[in-house]
Amino acid sequence: MAKQIVMDTTGDTRHEFDPTDAAAVAEASTRFNELTGAGYTAAVRRDVGASELVRNFDPTADETVFFPRLRAG
């Protein structure tokens with residue numbers, strides 16, 4: 001299962017999807033576009049301790065983490 005992890009003020013929300021299920025991939029792609037469109041930064045974990053910022057949905061990524069935009073207090 002692939003995961004999309006959305007960080008927020010309460011911790012995180014995890015969305016798992018099967019990358020072989022076309023409907024699940026379409027839903028994950030829509031979520032990616034909605035979150036990045038709302039200002040979230042997306043990063044894909046590539047290796048232990050290594051990640052890469054991504055601007056496009058990658059259905060082959062095992063784990064994508066979304067960080068909210070920083071806001072001044």
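**Confidence.** I began with pLDDT, the predictor's confidence in each residue, from 0 to 100. The mean for the protein chain is 93, and 97% of its residues reach 70 or more. My element names are DSSP runs numbered from the N terminus: helices are H or I with at least four residues, strands are E with at least two.

**Ground rules.** This is a predicted model, in which local features need pLDDT of at least 70 and side-chain atom pairs count only at pLDDT 80 or more, while totals for chains, interfaces and linings use all residues. Residues are numbered from 1 along each chain as its sequence is written, and side-chain values use heavy atoms, with hydrogens and water left out.

**Sheet.** Next I looked up the strand order. I found an open sheet of 5 strands, E2-E1-E5-E3-E4, with mixed pairing; two strands pair if DSSP finds at least two bridges between them. E2 (11–17) and E4 stand at the edges with a single partner strand each, so one side of each has no neighbour in the sheet. On average, neighbouring strands are turned by 25 degrees against each other, direction ignored. For that angle, axes are lines fitted to C-alpha atoms (for helices over the stretch in contact), and angles run from 0 to 180 degrees between N-to-C directions.

**Around E3.** Which strands does E3 pair with? I found E5 (residues 63–67), antiparallel to E3 (residues 41–47) over 4 bridges, and E4 (residues 50–54), also antiparallel, joined by 5 bridges. Thr41 stands opposite Phe67 in E5. On the E4 side, Ala42 faces Val54 and Ala43 has Leu53 as its bridge partner. E3 and E4 form a hairpin with 2 residues between them, and Gly49 in the turn has a positive phi of about 75 degrees.

**Core.** I then turned to the nonpolar core (buried Ala, Val, Leu, Ile, Met, Phe, Trp, Tyr and Cys residues joined through side-chain atoms within 4.5 Å). The largest one has 14 residues, and Phe17, Phe32, Ala42, Val54, Phe57 and Phe66 have the most contacts inside it. E1 (2–8), H1 and E3 each supply at least two of its residues. H1 gives the largest share, 5 residues.

**Rings.** Rings of Phe, Tyr and Trp (its six-membered ring) pair if their centres lie within 6.5 Å; planes under 30 degrees apart count as stacked, over 60 as edge-to-face, the rest as tilted. By this rule I get 3 aromatic pairs. The rings of Phe17 and Phe57 have centres 6.2 Å apart and planes at 40 degrees, so I noted a tilted pair. Phe17 lies in E2 and Phe57 in the loop between E4 and E5, so the pair ties together parts 40 residues apart in sequence. Phe32 and Phe66 are edge-to-face, 5.6 Å centre to centre with 70 degrees between the planes. Here H1 holds Phe32 and E5 holds Phe66, so the linked parts are 34 residues apart in sequence. Phe17, Phe32, Phe57 and Phe66 form one aromatic cluster.

**Burial.** Phe17 and Phe57 are buried, Phe32 counts as buried at 1%, and Phe66 does at 0%.

Conventions:
Buried means under 20% relative accessible area, exposed over 50%, partly exposed in between (1.4 Å probe, protein chains only).
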